[in-house]
Every structure is written in C-alpha cells, then in structure tokens.
Amino acid sequence: MAGHSEHSSNATPPVAVVGTGTGVGKTVLTAALTRYAREAGINARAIKPAQTGHPPDDDAAFVAEACGDSDAATCSRYLEPALAPRVAAEVADEQLSYEAILTACRAECERPERAFVEGIGGLRVPLAGDHEVIDLVSDLEASAVVVTRSGLGTLNHTALTVDALEHRGIDVVGIVCNEYTGETLAERTNPDELERMTGYFVETVAPLEGDPETLADGVIEALSSDFLARVASVSD
C-alpha cells in the first residue's frame, strides 16, 4: 500500500461505499444513497473508479438507472476481465495508472455537492501499480460506509475492514449488513455484536428483488432516518 498523495481542494469530501468483499451489495447501497440525496434536493453523483467484468457488469449504469438520470453516475475506467483492476489490466495488456484514476475521481468529486465513491471488492483489492482500493479512499479523504454480509463469518471480515479504515485515519459513518433475513442465530446476533466490536451503528437490509429503482427504494426504506441523515450531512 502507498500513502497519501499531495492534494488540496475546497470540494466536499466524498463518502466511499466500501465492502468486505465482492458481491456484498455496494452497488445497490450506492444507488440508494445517491437516489435518496438527489430526492432530498442535494446534487449527488456516484463515481465508480474502475469497472472490471465489463461488459456486462456496469455498476455506474445501475446507479444511473436507479436515479432515472444518466448523469447521476460515472465510471472512470472499464476493463473486460472480471478480475481485480490491476490484474485485469495486466491480463488485457492495457495501461492502468493509479494517478490517472485518482485524478479522474478528484475531478468528478468536485462536481456535485455530495459524491459517493463505490469501492471495488474489498479494501485490499489491487487497484493499479502498488496501490489498493484503500489507498484511493484515503487519498480522496473520504469517509466510509461499510457494506457486509449478514451471516456467519461476517464478524471477522467486518471488524478487520473497520480496523483497516481506522488505521488509515478514515472516518467510518456506519455499517450495513446486507440481505439480512434473521433466519439464523448468527444473523440475529451479528448486528449487536458488530456494534460492540466496532463501536459503530449497524443497519440491516433484507433481501430485495426488482429493477434498480425498486431496489434503491427498498434499501432507502430499510435504512434508518438517522443513518441517512448522517450520510447526507458528512462534510468534514
């Protein structure tokens, strides 16, 4: 991992939606937070630093569809192999510069009042060169919302993710346990245990089905008003 890059900007620091791994629900949460902010009258936009597995995967397009506006989300770089970005670029024999990604994200973060930067896999996913996803979150001076699974095994993964963020001085806004059903003892006890282990509030979102707009609305309905207000008000 690498440290901070020099940067100065008057833009509002973004909120990074990071996950404990791939497929935990970062995209649908990013869509929900972006849609909620826009419906509240905030000029909000989602930014995907790099999209692998494209086509067909396109997280920015999902967020844009959820918001009903093609300008609600953007992606800085697309790569076809469904791998970590650094590895995908190497396999595809394409150049991928961390500075180019960082510069593009900073430029996009300066456009809206509230920028949501969606992570790629987990925090230590290789992004470009020797840099990982957590380096980008740190260099953007973002706060972080952690998305995690709800079942057995999530305590360790989530606590380690929070530890990594805190070690880099990144503020944690909250934790979201996705696809929570409460059917197992582990699921029913995990939210309280995560709050005890990390000291952060934990939200739960039940499994949802439907188109991007329906999914985003379902997540908004599941999240508490306090959590949504905290995310919307993050400014320092």
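User: Which element gives the largest share of the lining of the largest pocket?
Analyst: This is a predicted model, in which local features need pLDDT of at least 70 and side-chain atom pairs count only at pLDDT 80 or more, while totals for chains, interfaces and linings use all residues. Residues are numbered from 1 along each chain as its sequence is written, and side-chain values use heavy atoms, with hydrogens and water left out. Helices H1, H2 and H8 (212-222) and strand E4 each supply at least two residues of this lining, where helices (H or I, at least four residues) and strands (E, at least two) are DSSP runs numbered from the N terminus. The largest share, four residues, comes from E4.

User: What volume does the largest pocket have?
Analyst: A pocket here is an open set of points on a 1 Å grid over the protein atoms alone, with protein on both sides within 12 Å along at least five of seven lines, and a lining residue has an atom within 4 Å of a point. Points are joined across faces, edges and corners, and a volume is the space filled by probe spheres set on them. The lining holds 32 residues, and Thr22, Gly23, Val24, Lys26 and Thr27 lie nearest the centre of the pocket. The volume is about 670 Å³.

User: How many residues of the lining of the largest pocket are charged?
Analyst: Asp, Glu, Lys and Arg count as charged; Ala, Val, Leu, Ile, Met, Phe, Trp, Tyr, Cys and Pro as nonpolar; and the others, Gly among them, as polar. The lining has 14 nonpolar and 11 polar residues, and the number of charged residues is seven.

User: Which helix and which strand give two or more residues to the lining of the largest cavity?
Analyst: A cavity is a set of points where a 1.4 Å probe fits but cannot get out, and the model has two cavities of 30 Å³ or more. The largest has a volume of about 40 Å³ and is lined by Ala16, Pro49, Val117, Glu118, Gly119, Ile120, Leu127, Val133, Leu136 and Val137. By class, eight of these are nonpolar, one is polar and one is charged. The helix and strand asked for are H5 (133-139) and E4 (114-122).

User: Which helices each supply at least two residues of the lining of the second largest cavity?
Analyst: The second largest cavity holds about 40 Å³ of space. Around it stand Leu33, Tyr36, Ala37, Phe116, Leu228, Val231 and Ala232, a lining of seven nonpolar residues with no polar and no charged ones. The helices that each supply at least two residues are H1 and H9 (225-233).

User: At roughly what angle do the axes of H1 and H2 cross?
Analyst: Thr27, Val28, Thr30, Ala31, Thr34, Arg35 and Arg38 of H1 meet Asp59, Phe62, Val63, Ala66 and Cys67 of H2, contact being heavy atoms within 4.5 Å. This contact comprises six nonpolar, three polar and three charged residues. Axes are lines fitted to C-alpha atoms, for helices over the stretch in contact, with angles from 0 to 180 degrees between N-to-C directions. The axes of H1 (residues 26-39) and H2 (residues 59-67) come within 9 Å, and the crossing angle is roughly 35°.

User: Is arginine 111 buried or exposed, or does it count as something in between?
Analyst: Arginine 111 sits in the loop between H4 (98-109) and E4, where it touches Asn43, Arg45 and Asp71, leaving aside residues up to four places away in sequence. Buried means under 20% relative accessible area and exposed over 50%, with partly exposed in between (1.4 Å probe, protein chains only). Because its relative accessibility is 47%, arginine 111 counts as partly exposed.

User: How far apart in space are arginine 111 and arginine 35, C-alpha to C-alpha?
Analyst: Arginine 35 is among the H1 residues that meet H2. In sequence, arginine 111 and arginine 35 are 76 residues apart, and in space their C-alpha atoms are separated by 17 Å.

User: Near what value is phi of aspartate 93?
Analyst: Aspartate 93 lies in the loop between H3 (85-91) and H4 and counts as exposed because its relative accessibility is 71%. Most residues other than glycine have a negative phi. For aspartate 93, phi is positive, near 55°.
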